[in-house]
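Me: I am new to reading protein structures, and I would like a close look at one part of this one. Could you walk me through a sheet, slowly, and then show me what surrounds that part?

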Amino acid sequence: MDFAIETRDLVRVFKPPRKLIKRKNPNGAPASSEGPVTALDRVTTQIQQGELFGLLGPNGAGKTTLIKILCTLLLPTSGQAWVAGHDISKDPFPIRERINMVSGGETSGYGLLTTRENIWMFSQFYGVPSRVAKARIDELFKTFGLWEKRDAKVRTLSSGQRQKMNMVRGFVTDPEILFLDEPTLGLDVNASRVIRDYVEDWVRKQRGKTVLLTTHYMMEADQMCDRIAIIDHGRILACDTPENLKRGIRKDTTFRLEVDSLKSTSMFTGMRGVKNFSAKNDISKNTTSLTFILEDESPVSDILSSIQAQGSKIHYLQKSEPTLEDVFIRMVGRNLE
Amino acid sequence: MSAATATSRIPHRLKLNLQAIVGRAYPRIVGANREPSWIFFEAILPLLGIAAYVFIYKALGDRALFGVTDPAEIARIRGTTNSLIATVVLGGTMVAFWLNVLWSMASQLYWEKEIGNLQLYMMAPMSRMALLGGMAIGGMFMTSVRAITTLVVGVVVFSITLQVSNPLLLLGVFFVTLIALYGMGMMLASLYLLWGREAFNLSALLEEPIFFSSGFYFPVGGFAKFGTIGGAMLAFATAIPATLGLDAMRQIIVPGGPVLPIPVPWSQDAFLTADVEFGILIVLAVVFLFLARQTLAYLEMLARREGRLTSRHQ
């Protein structure tokens with residue numbers, strides 16, 4: 001089996017800058033109390049050629065660090081990784097010829113250039129023949145709905161148009177492996193849909209194209225990805241198809257409630273029968289949305305009593321089929337947001 | 001990798017790097033000239049600085065002419081005045097290159113990091129020197145347009161006479177000076193990225209002293225008249241390619257012989273000729289390009305190992 005990406009016991013530790021360690025406060029203590037941070041902790045995974053692989057995790061989970069290592073921008077502290085069959089530490093150049101990366105909210109390029117010129121410039125760094133690059137740019141601009149903006153200066157684009165331009169930059173080099181780091185971050189529904197559809201088509205309709213996608217949107221991961229890895233505190237907690245991940249917690253019981261805003265949710269921690277739960281406050285409606293992953297239905301009465309003991313009214317209670325979000329809550333113990 | 005594969009990759013990499021140089025030079029060649037305001041700010045405004053020195057030299061020349069009746073002496077004084085004014089116009093023109101090296105070339109990688117381009121550049125398969133080379137070539141072209149405009153306007157407005165004694169050597173000195181200057185800028189680019197914001201203070205600190213010590217507005221050989229301190233200033237100045245380049249160009253294009261030429265350190269009577277300065281400039285160009293390559297390789301190694309250089313906010 002050919003793997004597009006393979007990692008083995010990948011560890012990345014960030015040490016605080018030396019000048020912060022050396023600097024002392026007036027009382028003689030070091031200015032920085034932060035020790036080394038383990039961003040990746042023995043990450044082992046294999047992504048097959050032609051796979052659309054998702055990486056789900058909260059902020060600071062290690063997703064971007066993993067992508068940077070795989071894009072040859074960062075070295076691991078220990079462990080090994082191969083991209084397109086090449087070792088990321090020893091042989092970065094052949095990898096760079098085969099990959100590209102697009103991040104959400106990216107502001108790359110030069111404002112004085114037109115969008116076409118900007119993308120053409122980046123294509124030259126990958127050795128794409130100029131005529132081929134220009135033809136691809138025109139085609140991609142039409143696909144992403146940017147044709148009208150082809151001669152507009154980059155600085156005049158809205159953030160949504162800019163992100164579409166970034167996506168064109170990612171595809172113009174026709175990479176074997178594309179890294180997408182939150183590509184639909186902050187985009188409206190239509191722009192997100194255009195990007196999602198194109199990425200899916202790109203992987204499905206061509207042989208050997210691989211995408212590693214990180215996203216905050218569960219629905220996006222559920223809908224697009226062949227397999228998903230859930231990562232938290234630098235560790236991969238689970239890795240499977242979305243269906244299998246959901247099936248894994250189907251024997252659990254999932255309840256959703258909306259109640260008047262709760263002052264505290266600490267009473268649910270460690271409650272008998274509660275495997276995990278998440279709470280999200282909606283200030284505008286003055287409510288709290290709760291999701292519980294339970295061993296069975298027996299703790300429901302205790303949960304309801306605890307809520308009523310705070311004087312809170314229950315707006316609705318629903319037993320539901322597990323979603324990817326429930327899998328995430330079960331694994332990580334909190335919501336993604 | 002087999003020998004045949006390695007050989008076949010050489011033209012591939014060469015083509016890639018040439019494309020990358022053209023790609024990176026493009027924004028500076030095309031983009032920077034899109035704003036017509038540069039004509040006022042970067043070509044016309046520098047003439048005011050040049051004019052201040054021109055009027056001082058004209059006044060000194062007129063004062064020297066006071067009471068002189070010998071036509072040969074009058075012609076000599078006028079020739080010297082013309083040489084000094086031509087030196088100022090030439091120096092004022094070359095200031096554009098120095099400012100471009102200091103503020104645009106040296107600080108460019110830092111700005112690329114701030115706007116988010118640097119990690120995309122570092123992820124691309126091109127050579128990092130191709131990236132800096134593209135920036136330098138784009139900068140040279142963009143600044144040449146500004147410098148030539150200033151030179152032409154300066155020659156016309158201040159009515160100076162230029163007489164090129166050796167056009168080939170002049171072209172050689174000009175281009176090698178630019179390569180050495182931009183090589184220095186390429187080296188500084190990596191260092192500025194390592195030092196971050198502090199480097200901008202260094203630029204501000206160096207700007208005026210280097211204007212002074214490089215002789216942008218006067219013949220720098222005059223330092224030799226100020227004993228040990230003058231000698232030390234001269235030694236410092238000759239490490240900056242602009243000093244030797246300007247002096248060599250001045251010797252080639254200003255008629256009437258050298259005005260306060262740079263003395264050879266080990267001799268009381270000998271002076272650096274344009275040929276010798278050309279040779280030293282070639283050595284400086286090679287040294288700066290080599291140092292630029294080394295500092296860039298060190299920077300990339302540090303960026304990959306510590307992960308704090310290529311990403312914004314890190």
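Reply: Let's start with strand 3 of chain A, residues 52–56, which is joined to strand 9 of chain A by 4 bridges, the two strands running parallel. To see one of these pairings for yourself, find Leu55(A): its bridge partner in strand 9 of chain A is Ala229(A). Please keep in mind as you look that this is a predicted model.

Helix 11 of chain A, residues 324–332, packs on the sheet here, where it touches strand 3, strand 9 and strand 10 of chain A. Compare directions and you will find about 35° between helix 11 and strand 9 of chain A.

Now step back to the whole sheet. Six strands of chain A take part, and reading across the sheet gives the order 6-7-8-3-9-10. The sheet is open, and its pairing is mixed. Which strands sit at the edges? They are strand 6 (99–103) and strand 10 of chain A, each of which pairs on one side only. From one strand to the next, the twist averages 15°.

Another helix to look for is helix 6 of chain A, which lies across strand 6 and strand 7 of chain A. The angle between helix 6 and strand 6 of chain A is about 170°.

The loop between helix 6 (159–172) and strand 7 (177–181) of chain A holds Asp174(A). Asp174(A) has a positive phi, about 45°, although it is not a glycine.

His233(A) is not a glycine, yet it has a positive phi of about 50°. With 15 other C-beta atoms within 10 Å, His233(A) is partly exposed.

Chain A also has another sheet to compare by eye. Here 4 strands form an open sheet in the order 2-1-4-5, with antiparallel pairing. Its edge strands are strand 2 (37–48) and strand 5 (86–87) of chain A, and each of these pairs on one side only. Within this sheet, strand 1 (residues 3–14) and strand 4 (residues 78–83) of chain A run antiparallel and are joined by 5 bridges. A pair to look for is Val11(A), which stands opposite Ser78(A) in strand 4 of chain A.

Chain A has 11 helices and 14 strands. It is divided into domain 1 (3–246) and domain 2 (251–320), and the centres of domain 1 and domain 2 of chain A, taken over C-alpha atoms, are separated by 36 Å. Along the principal axes, the C-alpha atoms of chain A fill a box of roughly 70 × 55 × 45 Å. Of the 337 residues in chain A, 42% are buried. Among contacts in chain A between residues at least 6 apart in sequence, 73% join residues at least 24 apart.

Chain A also touches chain B. How many residues does the contact take from each chain? It takes 24 residues from chain A and 26 residues from chain B. On the chain A side, helix 3 (92–98) and helix 4 (115–124) each supply at least two residues. Helix 4 of chain A gives the most to this side, with 4 residues. Sorted by class, the side of chain A that touches chain B has 14 nonpolar, 5 polar and 5 charged residues.

Finally, look across at the partner. Chain B has 12 helices and 0 strands. The C-alpha trace of chain B spans about 80 × 45 × 35 Å along its principal axes. With 314 residues, a compact globule would have a radius of gyration near 20 Å, so the 22 Å of chain B agrees with that. Buried residues make up 44% of chain B. Among contacts in chain B between residues at least 6 apart in sequence, 83% join residues at least 24 apart.

Technical notes: Residues are numbered from 1 along each chain as its sequence is written. Chains are lettered from A and ligands numbered from 1 in the order in which they are written. This is a predicted model: local features need pLDDT of at least 70, side-chain atom pairs count only at pLDDT 80 or more; totals for chains, interfaces and linings use all residues. The radius of gyration is taken over C-alpha atoms; the globule rule is 2.2 Å times the number of residues to the power 0.38. A residue is buried if 20 or more other C-beta atoms lie within 10 Å of its own, exposed if 12 or fewer, and partly exposed in between; C-beta atoms are placed from the backbone. Two residues are in contact if their C-beta atoms, placed from the backbone, lie within 7 Å. Ala, Val, Leu, Ile, Met, Phe, Trp, Tyr, Cys and Pro count as nonpolar, Asp, Glu, Lys and Arg as charged, and the others, Gly among them, as polar. Two strands pair if DSSP finds at least two bridges between them. Axes are lines fitted to C-alpha atoms, for helices over the stretch in contact, and angles run from 0 to 180 degrees between N-to-C directions. Domain bounds come from an automatic or database domain assignment.
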